Amino acid sequence: MEAAKQVHNIPPLYDEDSRILVLGSFPSIKSREAAFFYGHPQNRYWKVLPFLLGEPLPETVEEKAAMMHKHHVAMWDSIGSCTITGSSDSSITDVVPNDLSVILDAAPIEAVFTNGAASTDYYNQYIYPVTGIRPIRLPSTSPANAAYSLVRLRTLWGRALAPYLDLLEPVPSPVTERLFAEQDREYGAFQQKLIPNIDPETIIGVRTPVLRKYAKELRRNEPALAEQFLDGLPHRYFDENQLHAFLLGEEKDYERCIAGVKAFLPVVDNWATCDQLSPKALGKNKEALLQEVFGKGKKKGWIDAKDAYTVRFGIGMLLQWFLDEDFSPEFPERVASVRFQNGDETDEYYVNMMIAWYFATALAKQYDAVLPYLQEERLERWTHNKAIQKAVESYRITDEQKAYLKTLRRKKES
């Protein structure tokens with residue numbers, strides 16, 4: 001079968017009462033023929049949603065649409081047109097995204113869910129910069145996603161959708177129950193002040209040493225439960241994400257670790273979780289790690305991502321692993337070129353702060369190599385001055401170096 005230009009032929013399904021939006025990537029051949037979503041008989045979407053909503057399996061297009069309207073679920077796809085071979089997401093090129101404003105302007109959408117990796121990737125690349133709404137990635141219901149059983153899909157979709165829809169009670173998580181048993185409300189209130197960009201209702205308030213200890217305990221004593229928890233993305237609570245980061249830190253194998261990190265990064269939505277995610281196993285294959293940071297060929301790396309915390313994580317990896325014997329002058333060059341802008345001042349702040357931390361740490365370890373970046377004013381003014389501030393605060397910088405760095409501070413342009 002040859003690649004062909006295809007235009008999306010299924011209108012968006014929504015009404016003024018829709019509360020969530022579920023996006024696929026692009027309709028399969030069967031869906032295009034039926035002119036309705038998830039038309040392939042082996043796609044499990046129409047076996048997952050009815051189960052969760054307590055509805056009988058719909059048979060006709062009219063029954064499927066009526067069920068979605070009844071439960072306030074809007075549906076469409078991330079891609080409006082593309083060149084595609086058959087139904088293969090991996091073959092997609094020449095992407096033109098769908099304009100979601102037709103739905104978002106008409107309905108009080110509370111959350112956007114992406115069905116599978118392809119939908120998530122195209123949403124993040126083309127749509128998130130426009131909407132500013134972070135997608136919640138769900139495991140694909142496609143038959144190609146054979147690693148996920150129907151039971152597993154129902155469990156994971158149920159956990160993600162539960163806060164937004166009137167669902168059957170999701171399968172309780174013993175991990176979440178344990179976290180609530182360790183709750184420290186005063187600490188939770190403190191965390192809310194430190195991480196103002198996330199919903200305070202998602203903060204349980206478990207202290208970091210307790211989370212670290214529990215992660216080790218899970219890996220050692222209940223590995224099956226640990227794997228089930230890691231497979232349960234996205235999590236509802238901030239503390240669950242923190243625990244997820246610590247569990248990845250306990251992984252010893254590089255390939256398993258990097259797979260876990262790549263699955264987790266799209267749901268990381270704050271600086272604390274981003275910075276806790278620093279598995280030692282990633283240092284076991286630095287050549288491969290660099291390809292993830294910078295990309296290879298047409299594949300973009302973390303520091304070129306559209307998501308702030310993926311960019312921050314990529315720079316953090318360069319700070320952690322590539323400022324000593326594996327340092328190359330190319331690395332600060334690439335970091336200095338990052339100009340992250342998505343219209344969200346908080347996101348932009350945390351990316352720029354990591355750039356500043358990188359250069360402050362680089363001044364302590366590779367002073368002569370990175371000093372020209374300040375002398376030549378190659379960083380944005382705020383980042384430039386913050387890097388100097390953090391370097392001057394460091395005990396690893398000599399007094400003579402600190403005195404000189406202070407002379408390089410840049411005044412605000414009038």
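How do the axes of helix α15 and helix α17 cross, and within what distance do they come? Hold that thought for a moment while I cover the ground rules.

What we have here is a predicted model: local features need pLDDT of at least 70, side-chain atom pairs count only at pLDDT 80 or more, and totals for chains, interfaces and linings use all residues. Numbering starts from 1 along each chain as its sequence is written, and side-chain values use heavy atoms, with hydrogens and water left out.

Okay, back to the helices. Helix α15 is residues 308-321 and α17 is residues 345-365; their axes come within 9 Å and cross at roughly 5 degrees. That makes α15 roughly parallel to α17. On terms: helices (H or I, at least four residues) and strands (E, at least two) are DSSP runs, numbered from the N terminus. Axes are lines fitted to C-alpha atoms, for helices over the stretch in contact, with angles from 0 to 180 degrees between N-to-C directions. Under 35 degrees is roughly parallel, over 145 roughly antiparallel, 65 to 115 roughly perpendicular, and the rest oblique.

Who's touching whom? Contact means heavy atoms within 4.5 Å. On the α15 side you get A308, Y309, V311, R312, I315, G316, L318 and L319, and they meet T346, D347, Y350, V351, M353, M354, I355, W357, Y358 and T361 in α17. By class, that contact has 13 nonpolar, 3 polar and 2 charged residues. The classes go like this: Ala, Val, Leu, Ile, Met, Phe, Trp, Tyr, Cys and Pro are nonpolar, Asp, Glu, Lys and Arg are charged, and the others, Gly among them, are polar.

R312 is buried, with a relative accessible area of 4%; buried means under 20%, exposed over 50%, partly exposed in between, using a 1.4 Å probe and protein chains only. Leaving out residues up to four places away in sequence, R312 touches W271, C274, D275, Y350, M353 and M354.

Now a contrasting pair. Helix α9 (residues 208-221) and helix α10 (residues 223-230) have axes that come within 5 Å and cross at roughly 120 degrees, so α9 and α10 are oblique to each other. L218, R219, R220 and N221 of α9 make the contact with P223, L225, A226, E227 and L230 of α10. That set divides into 5 nonpolar, 1 polar and 3 charged.

Next, helix sides. In α12 (residues 254-264), the buried ones are Y254, C257, I258, G260, V261 and F264. They cover an arc of only 160 degrees around the axis, which puts them on the same side of α12; the arc is that of the directions from the helix axis to the C-beta atoms. Those buried residues pack against α11 (238-249), α13 (271-276), α14 (286-294) and α15.

Helix α20 (residues 399-406) is another case, with Q401, K402 and L405 buried. Their arc is only 100 degrees, which puts them on the same side of α20. D399 and E400 are exposed on the other side. The buried residues of α20 pack against α17, α18 (367-375) and α19 (381-393).

Quick word on cysteines. A disulfide is a pair of cysteine sulfur atoms within 2.5 Å, and a search of the whole structure finds 0 of them. For C257, the nearest cysteine sulfur is that of C274, 14 Å away. C257 counts as buried at 0% relative accessibility, and C82 counts as buried at 0% as well.

Most residues other than glycine have a negative phi. H72, in the loop between α3 (61-70) and β3 (73-77), has phi near 65 degrees, and at 27% relative accessibility H72 is partly exposed. D94, in strand β5 (residues 93-97), has phi near 55 degrees; D94 is partly exposed too, at 49%.

Last stop is R178, in helix α7 (residues 174-181). R178 is partly exposed at 27% relative accessibility. Not counting residues up to four places away in sequence, R178 touches Y214 and E217.

That's my tour, thanks.
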